[in-house]
Amino acid sequence: MSIELHTWNTPNGRKISVALEEMGLPYTVKTVNISKGEQFDPAFLRISPNNRIPAIIDPEGPGAEPISIFESGAILIYLGQKTGKFWPADMRRQVPVLEWLMWQMGGFGPMPGQVHHFLQVANEQDRRYGLERYSKETRRLYSVLDKRLGEAEFAGGDISIADFAILGWAWRHERHKVSFADFPNVGRWYDAMMARPGVKRGMEAKLD
């Protein structure tokens, strides 16, 4: 049975479509048009109590019973554990995957998301302040990732759910006003990720 992916065409949504494609899991997209406020629909609230996409319903969850999961990081961990793919069995190897997944969830998402927001602010003074603050932090985060990817091929060492999480936001690097010429290790990693057939399918999946 197909997993239901409740989502919209956003970086967080793309994390999950990429993971599902890479893991070879069948899924059906249920669009949640956040520009029309559909994330506040009571039916969606039942599976995503924070009114945020994405969320999934797995009809064949633990014990062969349906389960719903919200928050993209939680979904990625669940899918990795369910399939055993892109999620190391060894606890020591899990640590860097979790570190870089949490790094993305806590910073490399919220900070460039603020850049997205302030680019649209009409008041010039407010826009200038916000862009200066959040662009500086966004570039710092790209620098952190660039250093890591100068030491390892992928964020968690081997390719993992952490890479899918980070890729969702690196996909919007042009909107962040970031050039990979300034972060060549990120650029190398990004090109390698985007060349993967599963990633390509996940990025091309219709989510809106």
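**Notebook: strands, rings and a covered helix**

I began with strand E3, where isoleucine 56 is the bridge partner of leucine 5. The model I am reading is a predicted one.

**Entry 1: strand E1 and its neighbours**

I looked up how E1 and E3 are joined: 3 bridges connect them, and the two strands run antiparallel. E3 covers residues 55-58.

I then turned to the other partner, strand E2, which spans residues 27-31. I found 5 bridges between E1 and E2, and these strands run parallel. Within this pairing, lysine 30 of E2 stands opposite histidine 6. I followed the chain from E1 to E2 and noted that it passes through helix H1, residues 11-23. This β-α-β crossover is right-handed.

Is E1 mostly covered or mostly open? I recorded that E1, residues 3-7, is mostly covered, with 4 of its 5 residues buried.

**Entry 2: aromatic pairs**

How many aromatic pairs does the structure hold? I noted 7 of them. One of these joins tryptophan 103 to phenylalanine 108; the pair is stacked, at 5.2 Å centre to centre and with 15° between the planes. I checked the burial of both residues: tryptophan 103 is buried, and phenylalanine 108 is buried as well.

I next examined phenylalanine 118 and tyrosine 134, which also form a stacked pair, at 5.7 Å centre to centre and with 20° between the planes. I looked up where the two residues sit: phenylalanine 118 belongs to helix H5 (residues 110-118) and tyrosine 134 to helix H6 (residues 124-151). The pair links distant parts of the chain, its members being 16 residues apart.

Why do I list phenylalanine 118 as buried? Its relative accessible area is 15%, and the cut-off for buried is under 20%. I list tyrosine 134 as buried because its relative accessible area is 17%, which is also under 20%.

I also traced a cluster in which ring pairs link Trp100, Trp103, Phe108, Tyr142 and Phe183.

**Entry 3: a charge over a ring**

Which residue lies over the face of tryptophan 171? I identified arginine 172, at 3.8 Å from the ring centre.

**Entry 4: helix H7**

Lastly I inspected helix H7, which runs over residues 161-170. I recorded the helix as mostly covered, since 10 of its 10 residues are buried. Among the buried residues of H7 I noted Ile161, Asp163, Phe164, Leu167 and Trp169. Gly168 and Ala170 are buried there too.

Key: Residues are numbered from 1 along each chain as its sequence is written. This is a predicted model: local features need pLDDT of at least 70, side-chain atom pairs count only at pLDDT 80 or more; totals for chains, interfaces and linings use all residues. Side-chain values use heavy atoms; hydrogens and water are left out. Rings of Phe, Tyr and Trp (its six-membered ring) pair if their centres lie within 6.5 Å; planes under 30 degrees apart count as stacked, over 60 as edge-to-face and the rest as tilted. Buried means under 20% relative accessible area, exposed over 50%, partly exposed in between (1.4 Å probe, protein chains only). A charge sits over a ring if NZ of Lys or CZ of Arg is within 6 Å of the ring centre and within 35 degrees of the ring normal. Two strands pair if DSSP finds at least two bridges between them. A crossover is right-handed if, with the strands pointing away from the viewer, the path from the first strand over the helix to the second runs clockwise.
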